[in-house]
Structures are given as C-alpha cells and as structure tokens.
Amino acid sequence: QVQLVESGGGLVQAGGSLRLSCAASGSIFNINAMGWYRQVPGKQRELVAGISTGGSTIYADSVKGRFTISRDNTKNTVYLQMNSLKPEDTAVYYCNYGTYYRSTYSPVDIWGKGTLVTVSS
C-alpha cells in the first residue's frame, strides 16, 4: 500500500523559512518522480515543484528562486525548502509521486493528508 506522509508545516512570518518533508513508501520512491503541490480553500491544487528520479527539477513560476525541492533516496524522503516566504504561500502542502518527462511532471492520483503552511504578514 502506498503511503505518503508530509510534515514540517507551521506558522512563520513573511520572509521566513520552512522545510517540508515527505516520507514515501519504499516500493514507489526509487522508481518514481516526486512532487509537491499546494491547495488553498476554493482553489485547485497546484504544482509547486517536481523532481525526477535523476534529480531534474521543475518549479512553478511563483516559487522559482525561493523554493528548492530535493530527495534523499536512502531515506525515501523528498524535501521542500521554502525561503523568503510570502503570505500568498499560505496553503496546505501535499507531496505526490508521478512521472517526469520532458520537464513535465504528471501526478498519480494518490495523496497524503498534507501539512499546513501559514505565512503571516
């Protein structure tokens, strides 16, 4: 059974940093790309960043230069380092696995419970 468990969310002031972690089942981690999504109530879930099995990355324009996605294959964990946070980054953040092809990340429709990030102004 696939499991994705996100952690690391919290309340932070604008300009601050957080690092999110996602522990994934070993059966999926090493053969799949991983991604971070976020969702605000009333809006669609949006891709924040994706990383291929080989380490290639893509980012939403709104987070380029501020967020960094990485993965530790020895720990089956994907991270999202978020710097220079803005109030508009406030959302529930979810990790996900999927495919990465030609700089496009395509998610599998399996999600963890998410972790809430709140950025105060």
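**Aromatic cluster, strand pairing and nonpolar cores**

In this predicted model, the charged end of Arg-45 sits over the ring of Trp-111, at 4.4 Å from its centre. Arg-45 also lies over the face of Tyr-94, where the distance to the ring centre is 3.9 Å. Tyr-94 and Trp-111 belong to a cluster, linked through ring pairs, that also includes Tyr-37 and Tyr-105.

The structure holds 3 aromatic pairs. In one of them, the ring centres of Tyr-37 and Trp-111 are 5.0 Å apart and the planes stand at 90°, so the arrangement is edge-to-face. Tyr-37 is located in strand E4 (residues 33-39), whereas Trp-111 is in the loop between strand E10 (104-107) and strand E11 (115-120); the pair therefore ties together parts that are 74 residues apart in sequence. Tyr-37 has a relative accessibility of 8% and counts as buried, while Trp-111, at 27%, counts as partly exposed. Trp-111 forms an edge-to-face pair with Tyr-94 as well, with 6.3 Å from centre to centre and 80° between the planes. This pair also links distant parts of the chain, since Tyr-94 lies in strand E9 (residues 91-101) and Trp-111 in the loop between E10 and E11, 17 residues apart. Tyr-94 counts as buried, at 12% relative accessibility.

Strand E9, which carries Tyr-94, has 8 buried residues among its 11 and is therefore largely enclosed by the rest of the structure. E9 runs antiparallel to E4, to which it is joined by 7 bridges; within this pairing, Gly-98 of E9 is the bridge partner of Ala-33. The pairing of E9 with E11 is likewise in the antiparallel sense and extends over 3 bridges, with Val-92 partnered by Leu-116 in E11. E9 and E10 are joined by 4 bridges and run antiparallel, and Tyr-100 stands opposite Tyr-105 in E10. The hairpin of E9 and E10 has 2 residues between the strands, and Arg-102 takes a positive phi near 50° in this hairpin.

A further set of 4 strands forms an open sheet in the order E1-E3-E8-E7, with antiparallel pairing. Strand E1 (4-7) and strand E7 (67-72) are the edge strands, each pairing on one side only. From one strand to the next, the twist averages 15°. E7 is joined by 6 bridges to strand E8 (residues 77-82), and the two run antiparallel. Along this pairing, Ile-69 stands opposite Leu-80 in E8, and Asp-72 stands opposite Thr-77 in E8. The hairpin of E7 and E8 has 4 residues between the strands; here Asn-76 takes a positive phi near 50°.

In a regular strand the side chains alternate between the two faces of the sheet. The two faces of E7 comprise a covered one, with Phe-67, Ile-69 and Arg-71, and an uncovered one, with Thr-68, Ser-70 and Asp-72.

The largest nonpolar core contains 26 residues, of which Trp-36, Leu-80, Met-82 and Tyr-93 touch the most other members. At least two residues of this core are supplied by each of strand E3 (18-24), E4, strand E5 (46-51), E7, E8, E9 and E11. When residues up to four places away in sequence are not counted, the contacts of Tyr-93 include Trp-36, Leu-80 and Met-82. Tyr-93 also touches Glu-6, Leu-20, Tyr-37, Arg-38, Val-48, Phe-67, Gly-114, Thr-115 and Val-117. Among these contacts, Tyr-37 is a member of the aromatic cluster, and Phe-67 belongs to the covered face of E7.

Technical notes
Residues numbered from 1 in each chain as written. Predicted model: local features only at pLDDT ≥ 70, side-chain atom pairs only at ≥ 80, totals over all residues. Heavy atoms only, no water. Pairing = 2+ DSSP bridges. Axes fitted to C-alpha atoms, helices over the stretch in contact; angles between N-to-C directions. Phe/Tyr/Trp six-rings, centres within 6.5 Å; stacked < 30°, edge-to-face > 60°. Buried < 20%, exposed > 50% of the residue type's maximum accessible area, 1.4 Å probe, protein only. Lys NZ or Arg CZ within 6 Å of the ring centre and 35° of its normal. Core = buried A, V, L, I, M, F, W, Y, C linked by side-chain atoms within 4.5 Å. Contact = heavy atoms within 4.5 Å.
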